Amino acid sequence: MADLESILEEKRVFKPSAEFSKKANWNKATAKAMRELGEKSPQRFWAKMAKENITWMKPWKKVLDWKAPNAKWFLGGKLNVSHNCLDRHIEGEGSWRKNKAAIIWEGEPGDTRTITYGQLHREVCKFSNVLKQQGVKKGDRVVLYMPMIPELAVAMLACTRIGAIHSIIFGGFSATSISDRVNDAGAKIIVTADGGFRRGKPFGLKSIVNEALESAPGVKRVIVAKRTAQRVSMQVGRDLWWDDLMAEASANCPPAEMDAEDPLFILYTSGTTGKPKGILHTTGGYLTQATTTSKYVFDLKDDDIYWCTADIGWVTGHSYVVYGILANGATTVMYEGAPNSPAEDRFWDIIERHRITIFYTAPTAIRTFIRWGDEHIKKHDLSSLRLLGTVGEPINPEAWTWYQKVIGGGRCPIVDTWWQTETGGIMITSLPGSVNTKPGSATLPFPGICADTVNEAGESVSGKTGGLLVIKKPWPGMLRGIWGDKKRFRETYWDKFKKQGFYLAGDGAHRDRQGYFWIMGRIDDVMNVSGHRIGTMEVESALVSHAKVAEAAVVGRPDAITGTAVVAFVTLKGGLEGDNSLRDALRKHVAKEIGSFAKPADIRFSNALPKTRSGKIMRRLLRNIAEGVDVVGDTTTLEDPSIIAKLQQPETR
Ligand code: PRX
């Protein structure tokens, strides 16, 4: 509530400059017209966008078929994603882009590559043929587990070219996480690399894949790109080098004609159970939304150099490093490594050297830069920047104003973009040429998106009363399901407001008098750590899989840098005592089971956890304890009220 009050008191309003507005892809008048069209008829709005922004091989017959929770967009329409991202920029009207940079890539050690649209097209065609030769067919799942190197974008686009469904696994995930995802998707092939560079050191990926494959026998092929030249073990008959295959491959591969509703990719994300959900996206609707939002939210122009710092392994990288940006024929920057390698000014150095004009990053990164100090920024000329964006978590007004002033030099509009893996593309955001911004608010729904905050009964609420964030009408980039789990899809997103047919986002939010959205964070057992979703249940099941752990409860605690920090309460088996070496062992264990990014910041041992008489862990109490605040609310249902005092005692910390 304190947060809510402080944000509600935020009165500052920032207006886009007249000059920015005049040149914006949507100026004030067009934005108003688009908003009106989107309100009157989302279908007509999205059909207009699909026509203007996407090249179709065959036109659709019907815009939308909606029987909640199942949507089909652009029925009968045929297209190919790689054709939209590549071919149309090198042939016909767009052919002048053939020698334009599609990707400017920078490795952490300082090596750079600029890949033109013509070159990228050729690489993608070749890798499409490689995949075909390896027996990959339309609808097959291809797992990509790679560092941030151009080969990752090539592999993604090649999958879309031949109609294979990619499932990208972020390079920070562990062997167990890989085998779970590979098995769930039924993938027979993995594309990986020997490793990558991070904070000045090479790390291994192929070695982790080798370990994962011990529990994923369905995988018959592993293609390995060379990045670090570290020694890796290759299994004869199963593992092949990227370079060897590419050397033999033909550069001629016409794009497959895909149906608008053919699956495009699966991306696993955390939910409220221990098992991640394979979020399924399809072709026409997803591409329409990714491309349209890229064009109008980032105001992409042909002379822009756009940089989104997200890893492609997360949805932000899918939609706004690769698909939405390349579909617009823009130049996308990809950086391999850490923001503090070799020093804390690496990002500003990249912006200065590449003359970056649009910069999209996460609030957690912004808070880290603030902590590192302005001196790293002052060393560099950031005058090329004209637009800034944020994504992934709520941004506190202080970080917002610092971003606006210190990075944006007071001249760049900020787009705070709210969306999710499930939504495929940006849903709530300002439009940089026409919407006044307020620090900490994602502002208004994108045209054609019907978002609201509602109470438990599904009635709209506004003002100080927060509510559940819902999307009331289908949108083109929406998830089409959870891979292999129709029931979970319905239960997670649709059952809550079944009668109304609303999508439940899982976030709390409230709206102010101007209808601006203020996102308050997750309302379920999902934590948002540095903008990454981690399920409390996932960490709990990782902990209890350790031989010494009897029971674990995990909660999030507010953290000034990462937004949320993971706090674990652990009870040990048969009288074992917890100490620092066990804490380290448990952290390592979580890293092994999920990935380093999910490691608890704080582990507290106790001989019992607070439970109701029916055996349910009272997380609300644990959250209070984790935050170090007084335990508030009703504790009368506790089985053993003395536990609270025990957990609060210093020696249990
Ligand atoms: O809680 C919201 C938060 O991130 C969640 C979605 O996480 P993920 O699927 O990993 O996608 C992140 C990148 C799109 C949301 O449910 N979130 C995302 N963007 C914002 C945000 N919270 C506040 N403001 C945002 N701009």
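A polar contact here is a pair of N or O atoms within 3.5 Å; within protein, one must be able to donate a hydrogen and the other to accept it, and residues adjacent in sequence count only if both atoms are side-chain atoms. Keep that in mind as we walk through this predicted model, where local features need pLDDT of at least 70, side-chain atom pairs count only at pLDDT 80 or more, and totals for chains, interfaces and linings use all residues. Residues are numbered from 1 along each chain as its sequence is written, and side-chain values use heavy atoms, with hydrogens and water left out.

Let's start at the ligand. One of its nitrogen atoms sits 3.1 Å from a backbone N or O atom of Gly392. On its own the ligand has 540 Å² of accessible area (Shrake-Rupley method, 1.4 Å probe), and the protein covers 96% of that.

Who makes up this surrounding shell? There are 17 residues around the ligand, with Asp416, Thr417, Thr421, Asp507 and Arg522 the closest; a residue counts as near if one of its heavy atoms lies within 4 Å. The shell splits into 6 nonpolar, 6 polar and 5 charged residues. In that tally, Ala, Val, Leu, Ile, Met, Phe, Trp, Tyr, Cys and Pro are nonpolar, Asp, Glu, Lys and Arg are charged, and the others, Gly among them, are polar. The elements giving two or more residues to the shell are α12 (315–327), β20 (414–417) and β27 (517–522). Such elements are DSSP runs numbered from the N terminus: helices are H or I with at least four residues, strands E with at least two.

Now follow α12 to its helix neighbours. The axes of α7 (residues 150–162) and α12 come within 12 Å and cross at roughly 60°, while α5 (residues 81–90) packs against α12 at about 50°, with axes 8 Å apart. Axes are lines fitted to C-alpha atoms, for helices over the stretch in contact, and angles run from 0 to 180 degrees between N-to-C directions. Under 35 degrees is roughly parallel, over 145 roughly antiparallel, 65 to 115 roughly perpendicular and the rest oblique. So α7 and α12 are oblique to each other, and so are α5 and α12.

A cis peptide bond, omega about 5°, joins Ala68 and Pro69, and Pro69 is in the loop between β1 (62–67) and β2 (70–75).
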